[in-house]
Amino acid sequence: MWLVEQIDEAGAGNRVKVVAADVVRDPLPGSYDAAVMSAFIQVLSPHDARSAIQNVSKVMNPGGEIYIRGY
């Protein structure tokens, strides 16, 4: 998984957790300061995109940020 390798190379492995999940249908475990949603929101239906963003929002710590990256 290239992202994990980049995180390790940056020396951030003890501060960054990579979580693979079906955020459209399933609640996420834990709580987070930041979330990166990369290259998938734009291919979802409006309903599924809303569901994914809502599920991620529920596990964000106060002041946390969600980054949506796409093309």
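Read along the sequence, the protein chain follows the pattern α-β-α-β, with 2 helices and 2 strands in total. Helices (H or I, at least four residues) and strands (E, at least two) are DSSP runs, numbered from the N terminus. This is a predicted model, in which local features need pLDDT of at least 70 and side-chain atom pairs count only at pLDDT 80 or more, while totals for chains, interfaces and linings use all residues. Residues are numbered from 1 along each chain as its sequence is written, and side-chain values use heavy atoms, with hydrogens and water left out.

**Overall dimensions and surface**

- Taken along the principal axes, the C-alpha atoms of the protein chain fill a box of roughly 35 × 30 × 20 Å.
- Of the 71 residues, 23% count as buried; buried means under 20% relative accessible area, exposed over 50%, and partly exposed in between (1.4 Å probe, protein chains only).
- The protein chain exposes about 5,300 Å², and carbon and sulfur atoms supply 54% of that area; accessible areas come from the Shrake-Rupley method with a 1.4 Å probe, and for residues only the protein chains shown count as cover.
- Among contacts with a separation of 6 or more, 63% join residues 24 or more positions apart, where contact means heavy atoms within 4.5 Å.

**Nonpolar core**

- The largest nonpolar core has 12 residues: Val 23, Val 24, Leu 28, Tyr 32, Ala 35, Met 37, Ile 41, Ala 49, Ala 52, Val 56, Val 59 and Met 60.
- E1 and H2 each supply at least two residues of this core.
- A nonpolar core is a set of buried Ala, Val, Leu, Ile, Met, Phe, Trp, Tyr and Cys residues joined through side-chain atoms within 4.5 Å.
- Val 23 is in contact with Leu 28, Phe 40, Ser 51, Ala 52, Asn 55 and Val 56, leaving aside its neighbours within four places in sequence.

**Met 37 and Tyr 67**

- Met 37 lies in strand E1 and is buried, with a relative accessible area of 4%.
- Not counting residues up to four places away in sequence, Met 37 touches Ala 52, Ile 53, Val 56, Ile 66, Tyr 67, Ile 68 and Arg 69.
- The C-alpha atoms of Met 37 and Gly 70 are 8.4 Å apart in space, and the two residues are 33 residues apart in sequence.
- Tyr 67 is found in strand E2 and is partly exposed, with a relative accessible area of 43%.
- With residues up to four places away in sequence not counted, Tyr 67 touches Ala 34, Ala 35, Val 36 and Met 37.
- Tyr 67 and Phe 40 are 27 residues apart along the chain, and their C-alpha atoms are separated by 12 Å.

**Largest pocket**

- The largest pocket has a volume of about 920 Å³.
- Its lining has 26 residues, of which Lys 17, Val 18, Val 19, Ala 35 and Val 36 lie nearest the centre of the pocket.
- Helix H1 (2-9), E1 and strand E2 (60-69) are the elements that give two or more residues to this lining.
- The largest share of the lining, 7 residues, comes from E1.
- A pocket is an open set of points on a 1 Å grid over the protein atoms alone, where a 1.4 Å probe fits, with protein on both sides within 12 Å along at least five of seven lines; lining residues have an atom within 4 Å of a point.
- Grid points are joined across faces, edges and corners, and a volume is the space filled by probe spheres set on the points.

**Backbone at Ala 39**

- Ala 39 lies in the loop between strand E1 (32-38) and helix H2 (46-58).
- Phi of Ala 39 is near 60°, a positive value in a residue other than glycine.
- Most residues other than glycine have a negative phi.
- Ala 39 is partly exposed, with a relative accessible area of 36%.
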